[in-house]
Amino acid sequence: MKYYFIINPHSGKRQLGDLENKIHQACIKRKIPYEILYTKAPGDGKRLAKKISDSEECTVFSVGGDGNLNDVLNGVIVSENKILGNIPYGSGNDYDRTLRNYEDQFVLSDVGVINGRYFINVACLGLDADVANNLEKTKNKKWIPVSQRYNASLVYTFTKFKPKKLSLQIGDFQMETEITIVALGNGQFYGGGYRIAPKALIDDGALDIYIVEKMPKPRILGVLLKLMRGTHENSPKVKKYRNERIIVDSEEVCVFNVDGEKLQGRHFEISLKKNAVKVFNDRTFIDEITEDK
């Protein structure tokens, strides 16, 4: 079986340096044929993954962050012969935080679908989505360490945030409200380690759905602190649901953050595909490539 590595050369907090050499050594040691491909523009991960013949049995690795993984996922999932791999080389690597809890070499992972786009980790709308979407503003400020970009974006977004007026349908349940956060977790983490869905499993056939309704800004800080620690499920301000389907409507255009990528609209239909993609999880192989020199 051939391995393909789709690398985002701009991902992460490490220098890519000898990345190609590490891939070469790991594959040669196992006598695995491989090919390295580089993305140059948004959408290249999907395009490069789809370009690989659907009839070829192979593993297609995303080498980068969660956004690159999402891109590659959308190119891999159309073929039953392609296995999805993830070499976490970004600044967040949140899907890998959940995946590494599994001991099997391969995991059949559920995958969410939002308006036709697949996601494997977390989709969110509201304050947390705005924080993720505003990360671009912090990337251009070189005085902000990579590890602190999310926190810097959080401070920036918090001062400007306004609640979103939404109509929500979760299974047969409907509600209209102003929200601070709507988060849909297939994986447990987002934002570089914030444990939004502490009990989520990537193979349990349901999304863990969290809703925080409108509240005064000083109280939001308390919820955010609990969210950082993964203790927010005990908060009376946080409502949790588990379902395979949710519909979100808004009178104004709003932005979902989907595995680190933006999706704009007024109407969002989200569902879950069970056991939708086979995910490579040989930790020895992955760690050989990602370990620091």
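Predicted model: local features only at pLDDT ≥ 70, side-chain atom pairs only at ≥ 80, totals over all residues.
Trainee: Hi! How many cavities of 30 Å³ or more does the structure hold?
Mentor: Hello! The structure holds one cavity of 30 Å³ or more. The largest cavity has about 70 Å³ of space in it.

Trainee: Which residues line the largest cavity?
Mentor: Its lining is made up of Leu127, Asp128, Val131, Tyr150, Leu154, Ile181, Tyr190, Tyr194, Leu224 and Leu227. Helix 5 (127-133), helix 7 (149-160) and helix 8 (217-229) are the elements that each give two or more residues to that lining.

Trainee: And which element gives the most?
Mentor: That would be helix 5, with three residues.

Trainee: What's the lining like by class?
Mentor: Nine of the lining residues are nonpolar and one is charged, with no polar ones.

Trainee: Switching to strands. Is strand 1 mostly covered or mostly open?
Mentor: Mostly covered: strand 1 (residues 2-7) has six residues, and five of them are buried.

Trainee: Which strands is strand 1 joined to?
Mentor: Strand 1 runs parallel to strand 3 (residues 58-64), and six bridges join the two. Strand 1 also runs parallel to strand 2 (residues 34-38), this time with five bridges.

Trainee: Now helix 1. Which of its residues are buried?
Mentor: In helix 1 (residues 19-29), the buried ones are Leu19, Lys22, Ile23, Ala26 and Cys27. Seen down the helix axis, these buried residues fall within an arc of 125°, so they line one face of helix 1.

Trainee: Why would that spacing in sequence give one face?
Mentor: An α-helix has 3.6 residues a turn, so residues three or four places apart point the same way.

Trainee: What do the buried residues of helix 1 pack against?
Mentor: They pack against strand 1, strand 2, strand 3 and helix 9 (283-290).

Trainee: Last one: where is Pro198, and is Pro198 buried or exposed?
Mentor: Pro198 sits in the loop between strand 9 (173-185) and strand 10 (207-213). Its relative accessibility is 15%, so Pro198 counts as buried, the cut-off being under 20%.

Trainee: What is Pro198 in contact with, leaving aside its neighbours within four places in sequence?
Mentor: Pro198 is in contact with Gln188, Tyr210, Gly230, His232 and Glu233.

Note on methods
Residues numbered from 1 in each chain as written. Heavy atoms only, no water. 1 Å grid on protein atoms, 1.4 Å probe; cavity = no way out; pocket = protein on both sides within 12 Å on 5 of 7 lines; lining within 4 Å. Points joined across faces, edges and corners; volume = space filled by probe spheres on them. Helix = DSSP H or I, 4+ residues; strand = E, 2+ residues; numbered from the N terminus. Nonpolar A, V, L, I, M, F, W, Y, C, P; charged D, E, K, R; others polar. Buried < 20%, exposed > 50% of the residue type's maximum accessible area, 1.4 Å probe, protein only. Pairing = 2+ DSSP bridges. Contact = heavy atoms within 4.5 Å. Arc of directions from axis to C-beta.
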